[in-house]
Each structure stands twice: as structure tokens, then as C-alpha cells.
Amino acid sequence: MKGKHSKRPGPFGLSPRANGALIGLAVFGVAATTVQAAKSPEETGTSAAAVHSVPKPRAADPGESTTSSKSEKAGKSDVDERSQVIARAKTWNPHSDERVRYSQSDYHEGYRTDCSGFVAMTLGLPKPGPNTVGLTSSRFTKRIKMSELKKGDLVMDAQGTNTTRHVVIFEKWANSRHTSYWAYEQRGRYGTDYRTRDYGLSSGSEYKAYRPVKLSGA
């Protein structure tokens, strides 16, 4: 009769006791590996931020806008302002049957219908507008050379009396020799006109070139 414990070899050719010890070691090793895998990144010496970090795009720097871009915008604004002066001059229908008639006592849209009132309207000055002498004030204009004239500048004779003083709005040169130019004006006994003029181009002329302050940056 055999005893309580069998002497038959185990599956690895070892005794039952040795086989049991080997299996126990294997189970312990699996458990240890599972615990290690469950540890957090900090516990394994790896930062969570390093594991999940995603590079963020750099925010645009407001200061990166180019100077040339700003200059282009400023230049465009100046050109538009000069064009607006001419556009306003056209609203009085120069050299047409619908033109505003000349008068030193009548008003059109709040402005006097004489030469200085017409200019005040085109420049957007307070109504009813200063007279020709008033337009030469540093509040409104500054003296320039005739050769420096640009669209929207003025050519004025501020001397004499109210029957001899006059002002016209320069638009462009009529020829490459600069012997005449196209101008808008509110002329006596007629009204709003657009024609070539040569005021200020002859030696000793009382007509002088002026630049409106609002166009001084153009």
C-alpha cells in the first residue's frame, strides 16, 4: 500500500514539491510585472508632461506688420483725400447748365457761392467758409512753390479788393512744359467752371500757390 504522498514525477520531471515551488515563483513574477505596468509616469521616473506634451503654435506678434504696409495705407489715404476735394468740386456741376451760379451773397448747401465759398466746400471747412484772405491763414493753408502743385492745392490772389481777389483749385498740368493747368473755380458772372488757367505762372504774378493744411501730409 502506497503512502499519502505520491512519488510520481511532476510535469517537468521534478518532484511534486519542486514543481509547486516553480509554479509559485512564476505566479509571483507575473504579479510583479502587472504592478510595475500600472504605475504612473511619475512613479517610473517619466514626466506626465513629457508623455502628453504637444507643441503649441506661436501666436502672431502684432509688431510683425511691416512698415511698408503702413506706408502704403498712409499713401493711399492721402491720394483719396485729394481725390475727394476734386469729387466735391464736381458736385457743383462745373461748366454745365446745372452749374451753381456765382454770387457773393447767395448760398448753396450752406456755403457762399463765390470763389472762396466754393473752395471751402471742397475742403470740407466750416460753413459758410472763410473769404479769400482768410484762406491764406496758417489755419487753412501754407505757401508752396508753383512747381510743387498737386491735385487739390490752391492758386490764390489774396491782394486787392473783393472784386479782384480770386482762388482756383489745381487739378493737373495741361502739358509737359507746365505752361498751364486744369483748374476748378467759381468765377464771377458765370459760376462753377473747369478750364485751363495760367494764374501764377508769369513773372511778378499776384497769384501764389498754397497747400491746404489738411493735405499737407500728401
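Let's start in a loop: Asn 93 lies between helix H3 (67-90) and strand S1 (107-108). Helices here are DSSP runs of H or I with at least four residues, strands are runs of E with at least two, and both are numbered from the N terminus.

Before I go on, a word on the model: it is predicted, so local features need pLDDT of at least 70 and side-chain atom pairs count only at pLDDT 80 or more, while totals for chains, interfaces and linings use all residues. Residues are numbered from 1 along each chain as its sequence is written, and side-chain values use heavy atoms, with hydrogens and water left out.

Back to the backbone. Most residues other than glycine have a negative phi, and most peptide bonds are trans. Asn 93 has a positive phi of about 50°, although it is not a glycine. With a relative accessible area of 33%, Asn 93 is partly exposed; buried means under 20%, exposed means over 50%, and partly exposed is in between, using a 1.4 Å probe and protein chains only.

Glu 109 also is not a glycine and has a positive phi, of about 55°. You'll find Glu 109 in the loop between S1 and strand S2 (111-112), and at 54% relative accessibility Glu 109 counts as exposed.

Now for the rings. How many aromatic pairs does a search of the whole structure find? The search gives seven. Rings of Phe, Tyr and Trp (its six-membered ring) pair if their centres lie within 6.5 Å; planes under 30 degrees apart count as stacked, over 60 as edge-to-face, and the rest as tilted.

One of the pairs is Phe 170 with Trp 173: the centres are 5.2 Å apart and the planes at 70°, so this pair is edge-to-face.

Tyr 199 is buried at 18% relative accessible area, and Tyr 207 is buried at 14%.

Last stop, Tyr 190. Arg 99 lies over its face, 3.7 Å from the ring centre, and the charged end of Arg 187 sits over the ring of Tyr 190 too, 4.1 Å from its centre. A charge sits over a ring if NZ of Lys or CZ of Arg is within 6 Å of the ring centre and within 35 degrees of the ring normal.
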